[in-house]
Amino acid sequence: MRLQEKGEINMHYDLTIIGSGPGGIFAAYEASRLNPNLKIAVFESGNELSKRTCPIDGLRIKSCINCKSCSIMNGFGGAGAFSDGKYNITNDFGGTLYEYIGRSKAIELMKYVDRINLEHGAQNVKLYSTSGSKFKKICLQNDLHLLDASVRHLGTDINYIVLNNIYNELKNKIDFYFNTTVEDVTFQNNTYTLKGNFDNTTSDKCIISVGRSGSSWMEKVCKNLNIQTKSNRVDLGVRVELPSEVFSHLTDDLYESKIVYRTKKYGDDVRTFCMNPKGSVVNENTNGIITVNGHSYEDPNLQTDNTNFALLVSKHFTSPFKDSNGYGESIAKLSNMLGGGVIVQRFGDLIRGQRSTYSRIENGFVSPTLSATPGDLSLVLPKRILDGIIEMIYALDKIAPGTANDDTLLYGIEVKFYNMEVELTENLETSLPGLFIIGDGSGVTHSLSHASASGVYVAKYLYERNA
Ligand SMILES: Cc1cc2nc3c(=O)[nH]c(=O)nc-3n(C[C@H](O)[C@H](O)[C@H](O)COP(=O)(O)OP(=O)(O)OC[C@H]3O[C@@H](n4cnc5c(N)ncnc54)[C@H](O)[C@@H]3O)c2cc1C
């Protein structure tokens with residue numbers, strides 16, 4: 001930022017990092033910790049943390065106005081800045097980093113990231129664990145599978161404090177260029193050149209960590225640099241919202257439970273995802289497509305009476321149709337077309353084949369935390385996916401009675417898009433020497449802890465390689 005203010009961006013760095021989400025931040029943090037003399041620059045399309053504000057105020061601006069750079073998804077902290085801040089320490093979900101660096105290394109680095117978070121403001125946040133949990137047996141007895149994980153839930157509020165503290169520590173050691181999109185990366189004479197609306201910047205090494213929002217850019221860069229990619233999966237489903245008491249026996253003990261159910265009808269796996277005790281359902285805008293998500297706060301004053309979580313089914317296409325994300329986008333667009341955004345439906349209405357209406361929602365015993373359009377999700381979701389979700393709701397009702405209540409709210413649709421998988425070595429390096437692709441942009445990770453750990457891994461690897 002210092003240089004940009006002086007209009008002097010025409011620099012050579014030891015290391016450039018594109019994107020300041022968790023992957024980029026932890027790469028920068030670790031690289032500068034290991035070698036304080038390293039000249040590092042971070043380029044970020046969005047704003048610095050304190051300037052990240054979404055214009056939706058519920059009064060003058062009620063819905064997304066598609067800002068040039070979305071303050072929710074872009075800027076210091078990346079897509080994770082206003083996230084629920086759930087750092088899951090596990091190889092069972094959140095990415096496949098372990099396939100590259102090994103299971104024990106992946107866990108070691110996720111624990112290291114956890115320690116950095118504790119040192120930067122999360123010291124009072126409890127770590128929950130499924131290890132030895134009685135719910136494993138209860139789940140198995142009901143045809144459900146509880147996945148292993150430890151989770152530190154920072155909450156949106158503490159997550160912000162941690163990020164702010166990390167930024168304050170880094171800002172005088174590293175050159176941050178905010179509101180500066182890198183448009184292209186080229187490689188010549190063992191040097192990387194970053195191009196955009198600024199004078200060219202060169203570096204010996206480059207780490208790309210552009211997350212989900214940088215997926216089409218990433219695809220273009222891979223094509224230009226001749227780096228191979230392959231299609232990934234898309235996860236589709238709904239967000240369930242119900243009174244927090246229904247799941248409190250699970251959430252009090254585990255906070256988040258990732259539960260998998262294999263449907264009897266099709267043999268598809270349906271899983272719970274991103275559980276938010278006493279949380280709120282929120283809109284998510286991915287490149288203009290409005291989908292649903294959820295979060296919660298650590299601060300009891302900001303909590304609600306409801307718990308929400310997603311129920312998702314994965315779809316992976318290979319040949320002749322390969323565009324899994326395109327499929328997910330089309331279904332999300334359909335819900336946007338019918339509902340003008342997110343649709344909400346009572347479970348009882350879905351089962352009876354009728355759309356929900358404002359009065360049916362108002363008369364229900366669950367007050368929605370998101371203002372969404374009452375409608376009919378069966379007109380949006382493919383039958384196979386919807387049947388799986390309904391089966392799963394009845395299965396969950398056995399371990400958390402009340403889940404299949406008529407008034408349980410289903411919001412649609414929730415989509416988890418994944419970037420295409422980039423061909424990388426076991427050290428997350430591309431076929432070009434010194435060019436690394438980490439975090440969600442690589443298709444390898446899709447969580448805060450995996451993305452952060454991938455950044456730490458590459459910084460450590462580069463340090464050891466040069467030592
Ligand atoms: C609402 C929400 C809630 C979530 N909750 C959780 C949770 O509780 N737990 C969890 O594990 N995960 C959660 N996630 C997912 C998590 O946020 C991501 O997995 C994580 O942020 C990925 O980190 P990343 O660094 O790979 O990418 P990102 O966080 O997406 O960061 C990428 C950054 O790169 C920048 N960028 C993109 N292209 C360019 C370019 N060309 N030039 C310069 N900069 C560029 C972007 O502006 C962005 O800031 C949530 C996501 C959302 C959207």
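How do the residues of the shell around the ligand divide into nonpolar, polar and charged? They divide into 9 nonpolar, 27 polar and 6 charged. (Ala, Val, Leu, Ile, Met, Phe, Trp, Tyr, Cys and Pro count as nonpolar, Asp, Glu, Lys and Arg as charged, and the others, Gly among them, as polar.)

Before you click on: this is a predicted model, where local features need pLDDT of at least 70, side-chain atom pairs count only at pLDDT 80 or more, and totals for chains, interfaces and linings use all residues. Residues are numbered from 1 along each chain as its sequence is written.

**Stop 1: the ligand.** Select the ligand and its surroundings. The shell holds 42 residues. The closest are Gly 19, Gly 21, Gly 78, Gly 211 and Gly 439. Now colour α2 (22-34), β3 (86-89), β16 (289-295) and α13 (448-466): these elements give two or more residues to the shell. (Helices are DSSP runs of H or I, at least four residues; strands are runs of E, at least two; both are numbered from the N terminus.)

**Stop 2: α13 and α4.** Show side chains at the contact, where C-beta atoms placed from the backbone lie within 7 Å. From α4 come Ala 106, Leu 109, Met 110, Tyr 112 and Val 113. From α13 come Ser 449, Ser 452, Ala 453, Val 456 and Tyr 457. That makes 8 nonpolar, 2 polar and no charged.

**Stop 3: the sheet.** Select β3, β6 and β4. They form an open sheet in the order β3-β6-β4, with antiparallel pairing. (Strands pair if DSSP finds at least two bridges between them.) β3 and β4 (127-129) are the edge strands, each pairing on one side only. The twist averages 25 degrees from one strand to the next. β4 and β6 (residues 150-153) pair over 3 bridges. Find Ser 129: it stands opposite Ser 150 in β6. α4 returns here, packing on the sheet and touching β3 and β6. Its direction makes about 150 degrees with that of β3.

**Stop 4: Asn 226.** Jump to the loop between α7 (215-224) and β11 (229-230), where Asn 226 sits. Is Asn 226 buried or exposed? Asn 226 counts as exposed because it has 10 C-beta neighbours inside 10 Å. Asn 226 and Ser 431 are 205 residues apart in sequence, yet 8.6 Å apart in space, C-alpha to C-alpha.

Key: Buried ≥ 20, exposed ≤ 12 C-beta atoms within 10 Å, placed from the backbone. Near = placed C-beta within 6 Å. Contact = placed C-beta atoms within 7 Å. Axes fitted to C-alpha atoms, helices over the stretch in contact; angles between N-to-C directions.
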